[in-house]
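Let's take a walk through a protein model together, one stop after another. Keep the picture open beside the text and find each residue as we reach it.

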Amino acid sequence: MRTFIAIELSPEVGEYLSEIQTETQKYCRRGNYTPKDNFHVTLHFLGEIDPSDVEYVKEAMFEAAQRNRVFDLKLGQIGFFGRGDRGILWAGLDKSHALQRLFFGLEKSLERQGFSREKKGLSPHITLGREVEPQRGFADVQKAVVMEGKSFTVEKITLMESVRRGPRLIYKPIFRQELKGYRA
């Protein structure tokens with residue numbers, strides 16, 4: 001099973017990011033754009049795990065969630081991880097102490113369960129597209145497409161499985177863990 005732990009987005013935020021994604025495409029030659037159903041914030045990429053390890057991941061998620069309250073995140077600006085003339089186009093998030101706390105708590109809990117820490121640390125973003133090639137330069141895209149600082153509430157964390165169906169990746173929720181203070 002190829003897995004990761006993520007923050008899922010509300011349908012409203014997904015719709016807004018889909019509009020931003022469409023706007024950025026006007027300034028790009030090509031790209032492999034993320035379907036809006038796959039928008040998320042990755043907290044920890046686990047990679048390939050054995051199905052028997054899912055219970056250990058759930059335990060780590062439970063531990064971390066018990067020490068972290070529901071909180072709000074705010075969208076920042078679009079960004080780009082460049083690789084030559086192409087790269088990954090993403091929506092950033094404003095700095096958040098609560099998100100950092102959740103990340104570090106999750107890392108400690110996963111480590112106690114025998115998983116290794118995230119090598120790159122936390123770089124919170126929502127991938128809008130891969131292999132994106134701007135018409136001129138990425139700075140032009142960033143100037144032309146300005147995001148509103150929309151806020152959304154983080155109420156739970158989700159263990160996702162990445163499943164390939166033909167050419168498409170589908171992110172399937174396996175388990176959701178509510179944060180402290182969650183109200184249904």
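This is a predicted model: local features need pLDDT of at least 70, side-chain atom pairs count only at pLDDT 80 or more; totals for chains, interfaces and linings use all residues.

Helices (H or I, at least four residues) and strands (E, at least two) are DSSP runs, numbered from the N terminus. Residues are numbered from 1 along each chain as its sequence is written, and side-chain values use heavy atoms, with hydrogens and water left out.

How open to the outside is Lys180? Residues are called buried under 20% relative accessible area, exposed over 50%, and partly exposed in between (1.4 Å probe, protein chains only). Lys180 counts as partly exposed because its relative accessibility is 40%. This lysine also belongs to a group: Lys180 gathers with Arg67, Arg69, Arg101, Lys108 and Arg183 in a patch of positive charge on the surface. Here Lys and Arg count as positive and Asp and Glu as negative, while His and the chain ends are not counted. A patch is made of residues with over 30% relative accessible area and no salt bridge; like charges are joined within 9 Å, and nonpolar side chains (Val, Leu, Ile, Met, Phe, Trp, Tyr) within 5 Å. For these distances, the place of a charge is taken as NZ of Lys, CZ of Arg, CG of Asp or CD of Glu. The areas themselves come from the Shrake-Rupley method with a 1.4 Å probe, and for residues only the protein chains shown count as cover.

Back in strand S9 you can find Arg176. Arg176 is partly exposed, since its relative accessible area is 40%. Arg176 and Asp50 are 126 residues apart in sequence, and their C-alpha atoms are 19 Å apart in space.

Next, look for opposite charges that meet. A salt bridge is a side-chain nitrogen of Lys or Arg within 4 Å of a carboxyl oxygen of Asp or Glu. How many salt bridges does a search of the whole structure find? The search finds 13. In one of them, the side chains of Glu15 and Lys36 meet at 2.3 Å, N to O. This pair links distant parts of the chain, 21 residues apart: Glu15 is in helix H1 (residues 11–25), and Lys36 is in the loop between strands S2 (28–33) and S3. Glu15 is partly exposed, with a relative accessible area of 34%, and Lys36 is partly exposed at 37%.

Another salt bridge joins Glu55 and Lys58, whose closest N and O atoms are 3.4 Å apart. These two residues are separated by about one helical turn because they are three residues apart in helix H2 (residues 54–66). Glu55 is exposed, with a relative accessible area of 52%, whereas Lys58 is partly exposed at 24%.

Lys150 and Glu148 form a salt bridge too, with 3.5 Å between the closest N and O atoms. Salt bridges that share partners also join Arg29, Arg30, Arg86, Glu131 and Glu133 into one network. The phi angle of Glu131 is near 55°, a positive value in a residue other than glycine. Glu131 is partly exposed, with a relative accessible area of 42%.

Now for a charge without such a partner. Glu107 lies in helix H3 (residues 97–112). Glu107 is buried yet has no salt bridge, and the nearest side chain of opposite charge, Arg117, is 5.0 Å away. What does the side chain of Glu107 reach at 2.6 Å? It reaches the backbone nitrogen of Glu118. This is a polar contact: a pair of N or O atoms within 3.5 Å, where within protein one must be able to donate a hydrogen and the other to accept it, and residues adjacent in sequence count only if both atoms are side-chain atoms.

Our last stop is His40 in strand S3 (residues 40–48). His40 counts as buried because its relative accessibility is 12%. The side chain of His40 reaches the backbone oxygen of Asn38 at 2.8 Å, and a polar contact of 2.9 Å joins the side chains of His40 and Thr42.
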